[in-house]
Amino acid sequence: MDGLRGDGRVRAAAGAAAGLTVAAGLGARALLGGEPAKAAGDALYTVLVYALVVLVAPRVRPWRAAVTASAVSWAVEFLQLTGVPEELGRRSTPARLVLGSTFNPPDLFWYLVGALSAALVHRALSALRGRRAHRGRRVLRTERPAAPDRI
């Protein structure tokens with residue numbers, strides 16, 4: 001039962017992280033502009049994918065989630081070479097936001113930055129949660145009966 005409760009907490013945290021990531025992406029776009037906004041958006045895109053991976057699989061290890069998020073981001077970027085995302089983006093704003101439109105090689109680097117950043121935060125939070133759980137447990141010590149005196 002503890003594992004299920006823990007999964008719920010992890011999912012809630014991942015959902016909150018996804019929402020914060022979207023807000024950060026919109027903020028970066030509004031405040032930064034130009035190349036800095038694009039780089040931040042690319043990294044945050046992969047952070048969002050990472051959060052969604054954890055939401056679906058709450059027991060995933062940070063590095064596996066990072067590889068999965070990077071792979072999804074890279075796949076979407078390479079899909080842009082086909083022209084399909086651009087065509088879909090003309091018809092649908094959500095499709096344009098999710099799939100982008102044109103291939104840009106530097107995006108691949110920023111996806112890795114986002115995945116690595118998310119994995120490091122995930123790992124740090126998991127370690128913190130583990131320390132708290134350890135501190136919160138009662139340590140029960142059983143006393144051994146005293147050895148009889150030997151003459």
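The protein chain has six helices and zero strands, where helices (H or I, at least four residues) and strands (E, at least two) are DSSP runs numbered from the N terminus. Read from the N terminus, its elements follow the order α-α-α-α-α-α. Please keep in mind that this is a predicted model, in which local features need pLDDT of at least 70, side-chain atom pairs count only at pLDDT 80 or more, and totals for chains, interfaces and linings use all residues. Residues are numbered from 1 along each chain as its sequence is written, and side-chain values use heavy atoms, with hydrogens and water left out.

Let us begin with the chain as a whole. Of its 151 residues, 27% count as buried; buried means under 20% relative accessible area, exposed over 50%, and partly exposed in between (1.4 Å probe, protein chains only). The chain exposes about 10800 Å², and carbon and sulfur atoms supply 64% of that area, computed by the Shrake-Rupley method with a 1.4 Å probe, where for residues only the protein chains shown count as cover. Among contacts (heavy atoms within 4.5 Å) between residues at least 6 apart in sequence, 67% join residues at least 24 apart.

Next, look for the largest pocket, with a volume of about 940 Å³. Of the 29 residues that line it, Arg29, Gly41, Asp42, Tyr45 and Leu97 are the closest to its centre. A pocket here is found on a 1 Å grid over the protein atoms alone, as an open set of points where a 1.4 Å probe fits, with protein on both sides within 12 Å along at least five of seven lines; lining residues have an atom within 4 Å of a point. Grid points are joined across faces, edges and corners, and the volume is the space filled by probe spheres set on the points. Helix H1 (2-31), helix H2 (34-56), H3, helix H5 (93-99) and H6 each supply at least two lining residues, and H2 gives the most, with 10 residues.

Now to the charged pairs. The structure holds six salt bridges, each a side-chain nitrogen of Lys or Arg within 4 Å of a carboxyl oxygen of Asp or Glu. In one of them, Arg59 pairs with Asp7, with the closest N and O atoms 3.1 Å apart. Arg59 lies in the loop between H2 and H3 and Asp7 in helix H1, so this pair ties together parts that are 52 residues apart in sequence. Arg59 is exposed at 59% relative accessible area, whereas Asp7 is buried at 13%.

Glu86 and Arg90 sit four residues apart in H4, about one turn of the helix, and their closest N and O atoms are 3.8 Å apart. Glu87 and Arg91 are also four residues apart in H4, with a closest N to O distance of 2.9 Å.

Gln80 is buried, at 8% relative accessibility. Leaving aside neighbours within four places in sequence, its contacts include Pro85, Leu99 and Phe103.

Finally, Leu112 in helix H6 (residues 105-136) is partly exposed at 41%.
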